[in-house]
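Let's take a walk through this structure together. Have a look at the picture first, and then we'll go place by place.

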Amino acid sequence: MNLLDFVLFAPAAAFVIALLIPRNNPGLSRMFTLGASLVIFLASLLLIGGVSAAPREFRFVTDFQWIQSPNIRYHIGLDGLSLWLVVLTTMLTPIAALISWTYIDQRVKEFYAFLLLLEFGVIGVFVSLDLFLFFVFWEVSLVPMYFLVGIWGHERRIYAAVKFFLYTMVGSMMMLASMIWLYGKAGSFDYGIILDGLRTGKIALTSTEQLLLFLGFFLAFAIKVPLFPLHTWLPDAHVEAPTAGSVMLASVMLKMGTYGLVRYNLPLFPQASRDSAPWIVSLAIIGIIYGALVAMVQPNMKKLVAYSSVSHLGFVVLGIFSFTQQGLDGAVYQMLNHGVSTGALFILVGYLYERRHSLEISSYGGVATLAPWLSTVFLLTTFASIGLPTLNNFVGEFLVLQGAAKANFSWAVFAAIGVILSACYMLWMYQRAFLGRAGESLAHHMHDLSPREWAAILPLVALMIWMGVYSQSFLPPVSAQNAQILEQTKRNVDFRVSNHAIQELGNVR
Amino acid sequence: MNLWLIPTLPLIGAAVNGLFGRRMPRMAINAVAVLSVVASFLLALNVFNNLGDQPIVERYFTWIASGALTIPVEFAVDRLTMVMLLIVTGIGSLIHVYAVGYMAHEGGYYRFFSYLNLFMFFMLVLVLANNYLLLFVGWEGVGLCSYLLIGFYFLENWATSAGNKAFIVNRIGDFGFMLAMLLMFNQFGSLDIPVVLEGAKALPVEHSAGMLTAIGLLLLVGAAGKSAQIPLYVWLPDAMAGPTPVSALIHAATMVTAGVYVVARSSAIFTHAPIAMDTVAIIGLATAVMAALIGVLQNDIKKVFAYSTVSQLGYMFLALGVGAFSAGIYHVMTHAFFKALLFLGAGSVIHALEGEQDIRNMGGLRSKIPITFVTLMAAGLAIAGFPYTSGYFSKDEILLAAHHHSPWMFWVGVFTAGLTAFYVFRCLLLTFFGEYRGHAHHPPHESPPVMWIPLAILAVLSLGGGFIAIPHYLEPVLGHAGQAHDPTLVIIATSAGLIGIAIAAWMYLIAPGVPDAIARTFKGLYNFVYNKFYVDEAYNAAVIQPVIEGSRIFLWRGVDAGLIDGIVNGVGKRSRGLGGILRLAQSGNIRNYAAWVVMGSILVIVFLGFSGGAK
């Protein structure tokens, strides 16, 4: 058992222990979850050194037979692509525990147990190197989120939870079908074996086959991202979810989709990926602009942030399907950035909700006078979110735009419109909620950040600045692994298309 | 040389005041804020003394690296940057000192100085950056500080709305700047300014025309946003919602000249893109005339000077567009002197009258606040181009270059110069001469020394600053730009200013009924200009409302809630809770959904098939 096994299974063990904590001792549930998730976080930090040393290879690998027939392996490992996503997950779990401290006062034990189960599922998704294992974790992560929304959510929580579940299930089914088809061809679910088989030509797919399999995976991931027009579960899920649910959903669960695109769609189905890139990019760009425009007219803060996520994630998809180094690097960086800054936004909206018990922007106004630090942190997060240089999102957005511009300049032109619009919706919201004169009733409810709230938000604020000013702490392993993936998308094509076509691709880009 | 210290000191000042200012005594806040900027100024002077023919370049660390793209944090000082450094830190220091007096009675004192120092940091990064992306950091950063300071009185809706407007309009400009950078990297494989400029020079003509024109025009979009040129000037007049020292520092002397700086910095691109150059000149000229016309009818003292700033920035763009880059920078400097002085003087007037900004409620103040009066008159003479004041030299350089390029531009420029002299003196005469028409509770009082000493220094610079021969100093960077000295043209240009002053004196001192009579006679035209050509209203009706309403009604209610969710809910209509899903599955309706998904997938495939594996 290596360190990665520990980081993966510690949340599962903690989940079981959390279930054993007596129901009448919610304080213990809180303390235990916080403590356990902090230990897991610290352990995950130790992974960084090992992966950074050789980001193109899978490190901390454990590989053994799980089920004899069908041939399913327990195969996990970590590379430059998954490293930071795992660390992001382990970092956000203790933060989610902290922000739920007083927010959750019903069924506390179950809530924290589900939080740990969610961490287990999400980490599993990021480290699995066997397709079936990946699928299992994909589904495992779905269950706790379903309950987080369905039990601790707001008024329309059942509708939102079911919608979330249904949407995701449809995608999952298509993905499972594709996986089984691939298994039929390869005789294995193992990622490495399949990839190798495709490369050497042992596994031959017709172009129709490849496209259908691509679409099967793609649909599951596109729903999760979510890509326009498959996004309508997201605003509902966010609005209804408790703060911690929104944070985990936005910050890590959406990345399962974009991660899947990079990890599976690109290397496994390179030809189909490149063929469908213009269509997917079109949807991504529509999502960028559409998400921003709809965010602009939302009266509800969480919905606004949810639609802004649709816009931001459009950038990620655009970067991925630009098939350029900068685009891919930007996309992965943007996954992390979005996790940090949108996570922070949801936390801050949650802080407001705990004070005033409303998510409507019009219920606020003048918060800046009453809670200056809360407002300052919110403003900083706002500017991070709209991509101000020296803060994190700018680096990712710029790289994505540069990658897109290399692939097709008009893509960059349209995508950059989203950058203008993001300033509109975020600043208008900030003006309406925080500036101006505070009403009497608001003054009664509003107070500034407590030490516990500071503890939850400060790491994210620090990261926004760190990731924006010194991206070299994070980007090199990502970049190295992306270079390899980009290589794979070229390499795997060559036994199906002529060399001429590849050269052409190279020239155009 | 430790160039990094120059911006970092104000950054430290901003951090100290921002984090701890609320618990610090005023004297400590002042000391941190003012001394950090003054120290920057002294460091800049030190650089000036050590600057040889070669630029000083310092590299600190890699900011972003991805594939072939490497963006270092790298500062460089050549003569162009040197001029900007001295303007920014010098004027910045004076305005910081002034603000200590001006803001003495305001709330949020520490916050104000924290923002102001932060602005200095970003502005200095902007002028020191040796690659476009780092320049863009400063560029966006000053926009942030502008937003914060315009909205400084954040309890008031007019202030916060003006802040939003400034940031969003600038974002439209930044869109152009960003696209220009993307093209640069595509073309030259680097964003280092020297590499890009060398590349632009070396580019064969058949490639250069289209590409450099595109880059130039996109840079112009960015510059038009930051430097308030048509069609993006609308944010600057509203920006006067900020405290007056902010208007002087950010919205007159420094930040708004960033666009001029960027175009001058990129002169190698523009000189190889004649279409872009001409566009710069025409936009500049049109902005100069239009803003001057609006300025004639404004009654708010700060608004007059705001439109004047827009107009003078237009002058600078005219200079750039006709190829007189060094004249543009020359005017950046002299304008920084006299416009900062006009604003600070206006602030002194407003201070004296307890917040009154309407010149119709002023009058007769020359004996009550004599120092302000004298210094403001000096600034007025300079902007009107009175012989041997600073404005006289820089404006003549521009007009001569315009004449050299195309004579009609000279004549329009001369007309604008006359208008400028007229509206500035209209404003000054209404403020200082005649009878006092206001109703302040206390008699007007002169400002304290902490405020008038900066005024006095700026007055000296406004009058004598023209003798600092900037074009000559900049020759190694921007080339020789001097036109043959044509006395006739100089006399024409100068007399336009003098005539403007004379008409103002006649209309507002000798025959005070004339302005009203003119307004009555040309009522329609008067209202059209008085309402600033209804540009804000047109933007609102043509762009903002359609976008917002379209998003609300069509996209959100129509597409999102109506179409997409209509389909989704139609499919899952009968599902209420988990049991509902199961019931749904048993009833067989899930097949409908699956069929729908499959059909969608098939559609995509067919589509792709038809497009022949579209790339």
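A polar contact is a pair of N or O atoms within 3.5 Å; within protein, one must be able to donate a hydrogen and the other to accept it, and residues adjacent in sequence count only if both atoms are side-chain atoms. Keep in mind that this is a predicted model, where local features need pLDDT of at least 70, side-chain atom pairs count only at pLDDT 80 or more, and totals for chains, interfaces and linings use all residues. Residues are numbered from 1 along each chain as its sequence is written, chains are lettered from A and ligands numbered from 1 in the order in which they are written, and side-chain values use heavy atoms, with hydrogens and water left out.

Let's start at B:N130, which sits in the loop between α4 (109-128) and α5 of chain B. Helices (H or I, at least four residues) and strands (E, at least two) are DSSP runs, numbered from the N terminus. The side chains of B:N130 and B:E74 are joined by a polar contact of 2.8 Å. B:N130 counts as buried because its relative accessible area is 10%; buried means under 20%, exposed over 50%, and partly exposed in between (1.4 Å probe, protein chains only). Leaving out residues up to four places away in sequence, B:N130 touches several others, including B:V57, B:F75 and B:D192.

Now step into helix α5 itself, residues 132-150 of chain B. Its 19 residues reach 26 Å from first C-alpha to last, close to the 27 Å expected at 1.5 Å a residue (that expected span is 1.5 Å times one less than the number of residues). At the start of α5(B), a side-chain oxygen of B:N131 comes to within 3.2 Å of the backbone nitrogen of B:L133. How many residues of α5(B) are buried? The count is 19 of 19, so to speak a mostly covered helix.Elsewhere in chain B, B:S308 lies in helix α14 (residues 301-321). B:S308 is buried because its relative accessible area is 0%. Neighbours within four places in sequence aside, B:S308 is in contact (heavy atoms within 4.5 Å) with B:K339, B:I383 and B:Y423.

Over in chain A, A:L78 belongs to strand β2 (residues 72-78). A:L78 is buried too, with a relative accessible area of 0%. Among its contacts, leaving aside neighbours within four places in sequence, are A:L4, A:F58 and A:V127.

Finally, is B:I510 buried or exposed? B:I510 counts as exposed because its relative accessibility is 65%, and its place is in helix α21 (residues 487-510) of chain B.
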